[in-house]
Every structure is written in C-alpha cells, then in structure tokens.
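Welcome! Please keep the sequence and the model side by side as you read.

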Amino acid sequence: MGFKSGFAFPVKASGTVNGVMIFAGRTMSPPDIDLLNALSAISSQIGNFIEQKRAEELLRKSEAKYRTLVDNLPQKIFLKDRDSVYLSCNISYARDLKITPDEIIGKSDYDFFMAELAEKYISDDKRVMASGKTEEFDESYIHDGKTITVLTVKTPVSDDNGNIVGILGIFWDVTEQKMLENELFRMQRLESLGVLAGGIAHD
C-alpha cells in the first residue's frame with residue numbers, strides 16, 4: 001500500500017535551503033502538533049550540522065593553503081607562546097633542526113641550541129613581547145655545526161582582546177651578504193687611506 005500523507009520540512013544552513021526532510025505515513029489522520037514540532041526541531045538540527053561541517057571544511061582548506069604557503073618559503077618561520085615555548089614552525093626551520101614540524105611543539109631553544117645562545121633568543125623574545133613592537137636584528141645561528149649570521153624579525157602576537165600571547169619570528173641567512181658588505185667597507189676604507197696618504201705626500 002502506498003503512502004497517503006506526509007510532511008516536508010526544509011533543511012537550512014546559513015539561511016539557505018539545502019534539502020528537504022520528508023516524513024510520510026499511510027494514514028490520513030490530522031497531524032500531531034508535538035510530532036510536527038519534533039520533526040521541525042530535527043530538521044533545524046540537521047541544518048546546523050550541515051552548516052558546522054561546511055565551516056569545518058572551509059577552515060580545513062584555509063589551514064591547508066596557509067600551511068602550503070608557509071612551508072614553501074625558504075625563510076625559517078616559528079611561533080612561540082609567552083614562555084618562549086614553540087607552538088609551530090615551518091618545514092624549512094624544522095629541516096635545519098633535523099626534526100619534523102610537529103616535533104618542535106612544546107620544546108624551547110634550550111632543546112636545540114647551546115645555553116648561551118638559547119638565553120639570547122629567549123631574552124630577545126621577552127624584550128619584543130614587553131615592548132609590543134616588532135624588532136629586526138642580526139644574530140648568530142648554528143646550522144650543521146657552523147655559526148652563520150641571520151637577519152631575524154620578531155613580532156608580538158596578540159589575542160582578540162589585545163593581550164600579547166606569544167611571538168612570531170622569521171629569519172634567513174645573510175652571512176654572504178654581510179661578508180660582501182664588510183669587504184666593500186674594507187675596500188672603501190683602504191681607498192680613503194690611499195687618498196689621504198696621497199694628499200699628505202703631495203703637501
């Protein structure tokens with residue numbers, strides 16, 4: 001025997017109808033109000049579930065795009081909390097530390113560098129967070145057992161209430177650039193001394 005009666009309830013997500021929930025029966029009796037209210041509530045819950053899943057999917061895609069962007073940068077990028085404990089880093093930085101990005105979570109600079117160097121990094125973190133201002137500076141960094149010069153930019157990270165909750169850092173190798181600058185400075189200084197010596201000899 002076919003169905004003789006039924007009720008249809010719109011399933012909405014973000015105000016848009018995405019489907020219809022149908023309840024059908026074989027009787028022609030008047031609809032029960034409590035049943036209708038229950039079915040209406042169920043359709044609303046289904047709509048909210050769909051909306052939540054869509055939001056989660058959009059967030060997942062957004063995070064994936066962000067991760068792809070960050071992990072394809074040659075610069076080293078990291079995020080720490082207020083205690084200078086690592087929350088995340090990109091592949092480039094993790095590769096230098098000979099770990100995976102997930103393995104840096106919960107670690108500090110003391111886990112990767114000599115105490116003196118780790119103390120300097122953490123001291124810089126605290127100064128930047130205390131001032132609330134972005135800083136750019138040269139510093140030493142150990143990679144494959146060699147000390148190189150890197151240009152580091154550290155900026156405080158704030159929550160929705162404006163409270164500083166951590167620090168974001170990015171740095172890259174400028175050793176060769178610094179060597180060229182020093183060589184240029186040395187040549188200019190020698191040239192200046194040569195001009196000065198020539199002037200004195202002429203006098």
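Lys 76 is buried, with a relative accessible area of 16%; buried means under 20% relative accessible area, exposed over 50%, and partly exposed in between, using a 1.4 Å probe and protein chains only. This is a predicted model, in which local features need pLDDT of at least 70 and side-chain atom pairs count only at pLDDT 80 or more, while totals for chains, interfaces and linings use all residues. Residues are numbered from 1 along each chain as its sequence is written, and side-chain values use heavy atoms, with hydrogens and water left out.

You will find Lys 76 in strand β3, residues 76-81. Helices (H or I, at least four residues) and strands (E, at least two) are DSSP runs, numbered from the N terminus.

What surrounds Lys 76, leaving aside its neighbours within four places in sequence? Its contacts (heavy atoms within 4.5 Å) are Asn 90, Ser 92, Tyr 93, Asp 96, Gly 169, Ile 170 and Phe 171. With Ser 92, there is a polar contact between the two side chains at 3.2 Å. A polar contact is a pair of N or O atoms within 3.5 Å; within protein, one must be able to donate a hydrogen and the other to accept it, and residues adjacent in sequence count only if both atoms are side-chain atoms.

Now to the charged pairs. Side chains of opposite charge can pair when their charged atoms come close. A salt bridge here is a side-chain nitrogen of Lys or Arg within 4 Å of a carboxyl oxygen of Asp or Glu, and the whole structure holds seven of them.

| Salt bridge | N to O distance |
|---|---|
| Lys 76 and Asp 96 | 3.2 Å |
| Asp 109 and Lys 80 | 2.6 Å |
| Asp 125 and Lys 154 | 2.6 Å |

Lys 76 forms a salt bridge with Asp 96. Because Lys 76 sits in strand β3 and Asp 96 in helix α2 (residues 91-97), this pair ties together parts that are 20 residues apart in sequence. Both Lys 76 and Asp 96 are buried.

Asp 109 and Lys 80 also meet in a salt bridge. The pair links distant parts of the chain, 29 residues apart: Asp 109 is in the loop between α2 and α3 (115-131), and Lys 80 is in strand β3. Asp 109 is buried at a relative accessible area of 1%, and Lys 80 is buried at 2%.

Asp 125 and Lys 154 are both buried too. Finally, Lys 80, Asp 109, Asp 125 and Lys 154 are linked in a network of salt bridges.
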